[in-house]
Amino acid sequence: MNFVTALRQAAHTQDSMLCVGLDPDPARFPGAWAGDASRIFDFCAAIVDATHDLVCAFKPQIAYFHAHRAEDQLERLIAHIRQVAPTVPVILDAKRGDIGATAEQYAREAFERYQAHAVTLSPFMGFDSIEPYLRYEGRGAILLCRTSNAGGSDLQAQRLASGELLFEHIARLAAGPWNANGQLGLVVGATFPAEVARVRELAPTLPLLIPGVGAQGGDAEATVRAGWRPEAPIIVSSSRAVLYASRGDNFAAAARAAALATRDTLNAARSQPAG
């Protein structure tokens with residue numbers, strides 16, 4: 001089963017658009033685990049165990065593991081997700097963006113070493129930087145398009161000679177000539193709901209990974225109204241608001257409660273008209 005099909009199936013089976021981002025910061029771990037990087041797997045696995053029936057995907061952020069020399073814990077974590085939630089896709093948030101042999105090695109890292117179902121990429125070196133990932137049949141590549149940070153406008157909102165904005169051009173390429181095998185999705189930030197709607201217009205069937213809900217202040221209801229369509233999945237990512245819902249021994253239960261509330265808010269917004 002390819003990534004996009006698996007994502008649609010997980011969203012339907014779990015009745016969820018929520019993706020829990022796994023961004024482990026040992027300084028924010030609960031109780032005796034605080035500051036202990038050797039507990040990264042334990043912390044993240046507890047979050048996964050508490051929330052895996054509420055999500056359509058998990059999204060580990062690779063930098064949080066690499067910074068603490070915890071690559072082996074990331075391997076164990078993805079293996080754990082595959083065991084306890086075999087139908088839930090894993091998106092490796094790596095934002096790679098290189099070409100040639102280097103891109104081939106990054107693709108090997110994501111799909112062979114870590115066994116991710118999809119990976120986030122920067123498309124700004126063109127199709128050369130994406131093609132090596134598409135050689136992995138059934139795996140997905142999710143391209144940065146209109147990101148949630150304010151500085152994204154420095155480049156993504158620039159108008160091209162054709163008259164369209166750069167993020168619109170990326171969306172057209174991803175929905176068209178770059179997506180011959182149906183493996184691509186796009187990253188669009190929840191902090192820009194009008195741009196979410198525009199990307200959905202240009203890429204009517206592509207999965208949209210939408211960060212920025214929760215700690216970054218994105219509006220969950222506006223995000224769903226702008227991006228969700230039947231058979232056009234959105235992956236609404238929340239990280240810190242779920243992971244650090246409590247600093248106490250009840251952190252996993254608090255994470256579940258936060259995830260459940262977010263999932264239900266997102267689902268309720270599906271019945272509201274787009275606008």
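A charge sits over a ring if NZ of Lys or CZ of Arg is within 6 Å of the ring centre and within 35 degrees of the ring normal. With that in hand I looked up R76, which lies over the face of F41 at 3.9 Å from the ring centre. I also found R270 over the face of W228, at 5.8 Å from the ring centre.

I noted that this is a predicted model, in which local features need pLDDT of at least 70, side-chain atom pairs count only at pLDDT 80 or more, and totals for chains, interfaces and linings use all residues. Residues are numbered from 1 along each chain as its sequence is written, and side-chain values use heavy atoms, with hydrogens and water left out.

Next I turned to aromatic pairs. Rings of Phe, Tyr and Trp (its six-membered ring) pair if their centres lie within 6.5 Å; planes under 30 degrees apart count as stacked, over 60 as edge-to-face and the rest as tilted. I found seven aromatic pairs in the structure. F29 and F43 are stacked, 4.4 Å centre to centre with 20 degrees between the planes.

How buried or exposed are these two? Buried means under 20% relative accessible area, exposed over 50%, partly exposed in between (1.4 Å probe, protein chains only). F29 has a relative accessible area of 0%, so F29 is buried. F43 is buried too, at 0%.

I then looked up F111 and Y133: their ring centres are 6.3 Å apart and their planes at 85 degrees, so the pair is edge-to-face. F111 counts as buried at 1% relative accessibility, and Y133 is buried with 1%.

Last, I recorded one aromatic cluster, formed by F29, W33, F43, Y244 and F251.
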